[in-house]
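Hi,

Here is the structure I promised to pass on. Have a look first, and my notes follow below.

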Amino acid sequence: QVQLVESGGGSVQAGGSLRLSCAASIYTDSTYCMAWFRQAPGKEREGVAALNTYSGWKYYDDSVAGRFTISQDNAKKTLYLQMNSLKPEDTAMYFCAAVPVGTGRCYNPHTQSAYSTWGQGTQVTVST
């Protein structure tokens, strides 16, 4: 059973940076699509970025492209989200998600239903 634990959230001023981590109990001989989602109060959960653990294929939502970077440390079984040039509209609960896949891509990476395992989330608050 895959388990995901997020950390690294916090409060930062606009223009600042944070790095989120997702510790994953995954099988190193399997391929996963892993992603970061976020959910602001009163809004639907949206996909921010995704990564295929075998090929390194990546996806970014237009709202974060150029500011956020998704990466992985296979040895530590950890997924990261480096967030730079943060904006108040980035304020949300951020969730890590994962699903085993059989290819080097992630299909529908921005869709919640594409993922089978979720973490509990870590809060990010960006103030003006």
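Starting with contacts (heavy atoms within 4.5 Å): of those in the protein between residues at least 6 apart in sequence, 58% join residues at least 24 apart. Keep in mind that this is a predicted model, where local features need pLDDT of at least 70, side-chain atom pairs count only at pLDDT 80 or more, and totals for chains, interfaces and linings use all residues. Numbering runs from 1 along each chain as its sequence is written, and side-chain values use heavy atoms, with hydrogens and water left out.

The protein has 11 strands and zero helices, counting DSSP runs numbered from the N terminus (strands are E, at least two residues; helices are H or I, at least four). Its radius of gyration, over C-alpha atoms, is 14 Å, close to the 14 Å from the globule rule (2.2 Å times the number of residues to the power 0.38) for 128 residues, so it is as compact as a globular protein of that length. The C-alpha trace spans about 45 × 25 × 25 Å along its principal axes.

Now to β11, residues 122–127. Strands pair here if DSSP finds at least two bridges between them. β11 pairs with β2 (residues 10–13) in the parallel sense over four bridges, with T125 as the bridge partner of S11. It also pairs with β9 (residues 92–100), antiparallel, over three bridges; there V124 partners A92.

Across the protein, 42% of the 128 residues count as buried.

Cheers

Key
Buried < 20%, exposed > 50% of the residue type's maximum accessible area, 1.4 Å probe, protein only.
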